[in-house]
Structures are given as structure tokens and as C-alpha cells.
Amino acid sequence: MGTLDGKVAVVLGASAAGGTGWAVAEHLAAAGAKVVVAARRREPLEELAAKIGGLAVPCDAGKKEQVAALAQAAHQAFGGIDIAVNSAARPVMGDIATCAIELVQKSLDVNFLGHVNFVREMGAIMRDDGSIVLISTSSASQPVPYFFPYACAKAATDCLVRYAALEYGPRGIRVNSILPGPIKTDLAAHIFSVPGTEEVFEREIALRRVGVPDDFGRIVAMLAGPHYISGVNIPTSGGMHLTRSPREDEMPGEGTFHSDRS
Amino acid sequence: MMMGKLAGKSALVTGASRGIGREIALELARAGATVGVHYGERLEGAEETARMIREAGGAAFVLGGDLRSIDGIERMLAALAEGLAANGFKALDILVNNAGIGGGGSIGDVTVEKLDNLIGTNVRGVFLLTQRAISRIPDGGRIINITSMVGLAAYPGSIAYALTKAAQNSFTASLAVELGPRGITVNGVAPGATDTDFIAALMAQPALVKFYGDKAALKRIGKPDDIAPVVAFLASDEGRWITGQVIEASGGMHLE
């Protein structure tokens, strides 16, 4: 018995063990949902699908035909969609003055237009009273210099949430985004492996610890269930939105944010 | 004791004699918490809430107290300590500041008495109760303030009430930073128009019901059980990574 028994969920961007999308998929499945997991690489997906008894569908979040095919695959396998979570992201970094505009466009393709396609394709198939959750970033509202191509595209996605809530609201579909702050994912391990880095983040976080993927799985599972929240961008940073995001020059390591791996 | 995500937790819900407060008390109890059901004036309503909780297999105790006076707050805290002890608790895990009063009026309509009453209950009362309850809240505890969408936008027709709710939002943010190092989360939940006695006059007019329903993206007026699960989520371990926020549970008001 779970709160999401009988529901069908799609989680796009469930690409890596120890990542946010992965944790989201695990929590939705634990709450009883049938989960379709999607990302570009098939191998880790198959592992996740096997673990949670779901379906793996390779999908590039930046390609609209593939997102449409993902929605169709979920429909064919489980008869509909009730919950759609887009955790796919492309971490494009740079300064405004020097970042190649082609790179900015690449960020927009996945971090904004990818969400437009996602809402459109999932919304077309989604049953009434469903829930769409888009994963944004704290850097969309709290600038971290050098994050601008990524952060600004996600800020557009936060705006998309408000428009989508209005457009899909008459069908009872709730549309929200969450804005994670720093997260200790496997992909960010190289950042947190530098001694002292975690402490710099912790100083700015009310709850005095860095987030872990499990924190976000819980929040998305709540947003997937019955509630009356729609059109909202929810900071999920342990309270970092109340203070500030640390600057790179405060970090003990060199070029902490100048890595496109996180 | 009931099993659930709040099993073994104690909670106080102020203003739980009816409406949203009653539904929050029921929801927390359904999730396994032992709930202190507070009332300001309606003892019978609070007893009814407690009876509903017990009939569903939960645990509850009733306590009164006027939030507008220090004496009332102290009496309430004493009754809380007694109620907790009688149920085998020392600490208060979850404080839900739900009690409040409403009131319309443009700036010219708000008398000194009305203003003092609104601020005295919704701001001063919530502040002082929380201040004095903090020592009973353990590390990892929860404080949840039931604010309102009126505190997030312009409501000239309820100007005094709106400012008390904006004050609660500010209180929520500052307190979250102060208590964060203890792992205590502090959040607000902001309902929009919700079908309770609080807006009985509005609900009696079909044109207004449609007007306010249409203001929400989900195209209807909220119900208490649209709000209570959000409070239960924030109160549980599920909501552990959210603090210092006012979560809008309004069906998407103010999006356009």
C-alpha cells in the first residue's frame, strides 16, 4: 500500500546512481507508482528499472521526437501518465562576456526548451489531476557567477511552470518546480572531495548540511501525490535561499564552479 | 498508538476547533501524532475535534488559552505541558500556529481596536507563543505557520489582516535561519480562499464562489483537506529539506 498506488510516473533524467533523478524514481516506486525511467544512456537505466520494477526508455531530453516517443512508451506500457518529472539537465557554464552564444543555445535547448517539450508531450497524454514536477536550480534565483547559461535557462523554466499551471489547471493538473541548492551527488563528488568545501556551503544553509539526493526524492514524491499546490517554484536547499550562495573565491579548491561535470 | 509517518510525535495545533485547524489536527493524528487541540473560544468545537481523532483511533487532548494575553499564553503552555505529560511526552515535536482572526476593511475602515485585535492575535500572539514554546521543541522539530495568500499580494479590502499575514511570512524566514542549526524547520503554508466558516459570508454568495474559484488555476475554491496534507508533509521526515518557506497551497492563485 502506497500513496501512489495505481499511478504511472515518468522520470526523465534518471541517468546516474547516486543522482537526484535516480532517487526520485526510487521514491515514486516505493510509494507504489509504476515508473518509466529515461535518460540518454541505456545501461544505468536498465539497472535502475530492474531495481524498482520499472521500464527503461532511452531518451535525449533535448530532442523533442524522443520526448514524444517517451510519452507514447509510457502510455503503451502502463495505459497513461499521472506523474511526470523532468530532472534532465545540461550544465553549461560561462561568463556573459565570453561564453559562446552557441553554448548558451545548447543550455536553452535542454534546460528550457527541453522542459517546454516535456510539459507539452506529457501534458498531451497525462490523465486529469496529474502532477508535473520540473527540476530547476537555486542558482536561477540566487546568482552564482559563471552559472549564467544554465541558471538563466532554468529561470525561464520556473516561469514556464506558472504558465503551464494556468494552461493545464482546468484539467486538475498541477505544475511546479523545485530549486535544489548544493547536492552531494556522485557527479559532484569531485567538488565535495576537496577538504573544507562542504563546510563553506554549510555556513550558508540554515539546516547546516548539504543536500543529498534522497532529500529531493521525498519532496517530489509529495508533489506527485494529492495536494493543492500549483504554479509554484519551491526552494529546496535546506534554507540557503534565505541567505546566499557561497562564491567561488571562498572555496578551498581551485575553480570549484569551473567544471562542467557537476 | 497509530502507525504512520508521525508515529511517536507530539503536536500542538492552535485554533483547531473548526475549519483548517481541525482538519490539520485530524491529519496529523491520522499520521500517528498525539495532538494538542487548542481553542480560543470554542471549547465544544475543540472537544468535537478531539472526539473525531479518538474515534478514528488517534490520541488527542484539548487545551484552551487566549493568544492575545501573556496570561492566556502561559496558561496554554501549562496546559500543554500537562497534556503532553499525560500522554507520555516531554517535548513538543510539532507546533502548528494556525489560530488567527480575520477581518475586512480598507484603511479608513480599520479602527484602532480592530487593528490591535488583529495584530495582537495574528502577530503578537503567534510570536510570543512560539518564543515560549521553543524551549520545549527538540532538535529536528517542526514549526508550521498557517499564513495566507493575502500576505503575498495586495488586498486593499483586507489591508490590516493582510499585513498580519505578511508579518507571519517574515517571522517564518528569520526564525528558520535562527533555528536551522538545531535541525528545526520553520515553514508557512499559505491557503487561498478555502471553504470554512472563516469565509462563510463569501461562500453564501454563488457569484463570489465562482469569482474566487476562477482565480485559482485549478478553478475551484480550496477545501481544508487540500491544505492539511501539505502541513503533514512538512511536519514529517519527508519534508526535512524544506525550511524558511511559505508554500502556497492555493490551487494556483495570483498566477495571472
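This is a predicted model: local features need pLDDT of at least 70, side-chain atom pairs count only at pLDDT 80 or more; totals for chains, interfaces and linings use all residues.

Residues are numbered from 1 along each chain as its sequence is written, and chains are lettered from A and ligands numbered from 1 in the order in which they are written.

**Chain A.** The secondary structure of chain A comes to 9 helices and 7 strands; helices (H or I, at least four residues) and strands (E, at least two) are DSSP runs, numbered from the N terminus. Further values for the chain are tabulated.

| Property of chain A | Value |
|---|---|
| Span of the C-alpha trace along the principal axes | about 50 × 40 × 35 Å |
| Radius of gyration | 17 Å |
| Residues that count as buried | 55% of 262 residues |

The radius of gyration, taken over C-alpha atoms, is compared with a globule rule of 2.2 Å times the number of residues to the power 0.38. For 262 residues a compact globule would be near 18 Å, with which chain A agrees. A residue is buried if 20 or more other C-beta atoms, placed from the backbone, lie within 10 Å of its own, exposed if 12 or fewer, and partly exposed in between.

**Helix α2 of chain B.** This helix (residues 43–55) has 13 residues and reaches 18 Å from first to last C-alpha, close to the expected 18 Å, which is 1.5 Å times one less than the number of residues. Gly45(B), Ala46(B), Thr49(B), Ala50(B) and Ile53(B) are its buried residues. They fall within an arc of 140 degrees seen down the axis of α2(B), so they line one face of the helix; the arc is that of the directions from the helix axis to the C-beta atoms. These residues pack against α1 (19–30), β2 (34–39) and β3 (59–64) of chain B, contact being C-beta atoms within 7 Å. Leu43(B), Glu44(B), Arg54(B) and Glu55(B), on the other side, are exposed. Just after α2(B), Gly57(B) has a positive phi of about 95 degrees.

**Interface.** The contact takes 29 residues from chain A and 30 residues from chain B. On the side of chain A, α9(A) gives the most, with 4 residues.

Terms used. Two residues are in contact if their C-beta atoms, placed from the backbone, lie within 7 Å.
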